[in-house]
Amino acid sequence: MQVLLWRYFAIFTVLVIAAVALVCFSVLGNAYSAQARDRISTIGTGLSVLIDGKTSQFTGEVSGEMGRYAFTDGVNVYLIDERGSADIYTGALPSDWTDIVGAMNSAVDGWTQGRAVVYGSSSMLNYVSCVTFNQSEHYLLVRYPMHVVNESVRTMQIYIVIIAAVAIVLSFVVSYMLAQRISRPIRNISDTATRMAKGDYSVQFASAEFEEIASLSESLNYAKDEIKKSDDFQRELLANVSHDLRTPLTMIKAYASMVREISGDDPAKREKHLQVIIDEADRLTGLVNDILNASKVSAGLSELNKKVFNLTEFIYGIMNKFDYLQETSGYKFFVDIDPDLYTVADEEKIYQVIYNLVSNAVNYTGADKCVYVSLKDCPQTSRIKFAVRDTGKGISDEEKQHIWDRYYRSKDAHARPVKGTGLGLNIVKIILQAHNFDFGVNSAKGEGSTFYVDFPEVSSTPAR
Ligand code: ADP
């Protein structure tokens with residue numbers, strides 16, 4: 001890329017410089033010869049006016065004026081009679097005088113009062129006009145040797161070539177530096193990306209002075225962090241899941257062996273051991289479900305399938321599933337639910353949300369094993385507030401920022417040892433964000449926690 005950029009920059013500048021030099025080159029020559037033509041015409045016209053109609057008495061004045069022009073402008077002036085002899089002239093008569101007169105005659109094409117012609121070659125410019133002097137026909141010839149002009153033009157052209165050459169060399173250097181400056185950050189990004197691809201997530205995409213590249217670096221850093229998170233997540237998940245799976249499996253195996261060898265004939269003990277097996281199997285199922293749900297939700301496999309449903313009935317339905325805990329483990333559920341509230345959402349996904357929140361309350365509530373569930377209508381905001389409160393250790397402000405993260409699990413000891421995956425609240429968050437529902441937690445250390453979700457309220461069930 002650097003070479004390509006360099007090449008483009010260099011070609012571009014060379015073209016621009018060459019074009020400018022070419023224009024200067026041609027304009028310069030033309031401008032100088034046009035200027036010389038103007039000057040010689042001005043001199044010729046001035047002298048013609050002075051000479052025309054004068055008698056030989058004015059010879060001194062005419063010759064003086066001709067001499068002045070010869071001196072100041074470097075021209076040669078001749079006043080020639082009709083036979084071709086020079087009456088008055090500046091300097092010496094050139095050796096090729098006859099040729100000069102011949103060329104003049106053919107340029108002016110016969111004497112006509114007042115006619116003036118400019119003619120010449122690249123080396124000599126001539127002005128001739130027909131005037132009357134001393135009552136006879138005369139030609140006024142002004143000659144301007146162009147070699148002075150040509151030399152100046154040539155000198156200027158040499159300067160232009162030198163300046164153009166220097167500018168081209170400079171442009172090569174500058175474009176090389178510029179190309180390097182642009183390509184360096186891109187090369188850095190590419191090197192960093194290669195290192196990252198090899199699994200080194202400690203790399204940092206460096207910012208650059210160009211806004212676009214800086215924002216590319218920023219996006220890549222973000223992508224890198226996300227990939228790292230997902231990588232760490234997978235790694236941790238695998239480690240923790242295999243650990244978490246192994247524990248209940250070991251228990252199941254141990255208790256099954258106990259039932260076979262020891263407690264098979266003792267109904268009370270057998271019942272107790274079988275219950276442990278059932279509990280551990282349930283935990284395994286919950287674990288596997290959580291993992292499957294998390295990967296399904298985060299892979300975005302599941303589209304939202306929204307419909308209107310009776311939220312009151314729905315929450316009662318879920319709470320019924322927790323009834324067995326009242327009987328088997330002494331949990332107390334306090335349910336305060338307003339009647340006949342309808343909302344619109346993906347029922348199946350909301351089931352996961354409520355189920356996860358209530359399960360967490362059960363898992364993390366205090367020694368009194370109380371869980372408070374409420375569903376309240378807020379007509380002024382057309383919202384239905386679902387809340388589940390527990391009496392556990394609560395969540396500190398610092399922790400609150402992380403509990404919704406994938407795989408976050410508090411290091412705190414709770415009333416009961418809880419075997420979770422740290423996925424539950426992340427699933428809740430993804431689902432509720434997809435619905436655009438307000439949700440959150442109010443909690444303080446030692447004061448229990450209240451998780452809430454605001455559902456939109458709709459009037460009743462329309463035809464499905
Ligand atoms: P887990 O499977 O560990 O319960 P979650 O994603 O459901 O995973 O919860 C993440 C963390 O949030 C938990 O490890 C716990 O520390 C904290 N947490 C969740 N619910 C509660 C609650 N009701 N009371 C206290 N802490 C909670």
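These legends accompany close-up views of a predicted model. Local features need pLDDT of at least 70 and side-chain atom pairs count only at pLDDT 80 or more, while totals for chains, interfaces and linings use all residues. Residues are numbered from 1 along each chain as its sequence is written, and side-chain values use heavy atoms, with hydrogens and water left out.

**View 1. Residues around the ligand.** The shell holds 16 residues, and N360, Y364, D390, S410 and L425 come nearest; a shell residue has a heavy atom within 4 Å of the ligand. By class, seven are nonpolar, seven polar and two charged. Here Ala, Val, Leu, Ile, Met, Phe, Trp, Tyr, Cys and Pro count as nonpolar, Asp, Glu, Lys and Arg as charged, and the others, Gly among them, as polar.

View 2. The Y364 side chain places an N or O atom 2.7 Å from a ligand oxygen. For N360, a polar side-chain atom lies 2.8 Å from a ligand oxygen. G424 contributes a polar backbone atom, 3.3 Å from an oxygen of the ligand. The protein buries 97% of the 530 Å² that the ligand exposes when taken alone (Shrake-Rupley method, 1.4 Å probe).

**View 3. The loop at D340.** D340 sits between β7 (332–337) and β8 (342–346); strands are DSSP E runs of at least two residues, and helices are H or I runs of at least four, numbered from the N terminus. Its phi is positive, about 50 degrees, although D340 is not a glycine. D340 counts as exposed because its relative accessibility is 51% (exposed: over 50%, 1.4 Å probe, protein chains only).

**View 4. The loop at N436.** N436 lies between α11 (424–435) and β11 (438–443). Phi of N436, a residue other than glycine, is positive, near 70 degrees. At 69% relative accessibility, N436 counts as exposed.

How values were computed
Buried means under 20% relative accessible area, exposed over 50%, partly exposed in between (1.4 Å probe, protein chains only). A polar contact is a pair of N or O atoms within 3.5 Å; within protein, one must be able to donate a hydrogen and the other to accept it, and residues adjacent in sequence count only if both atoms are side-chain atoms.
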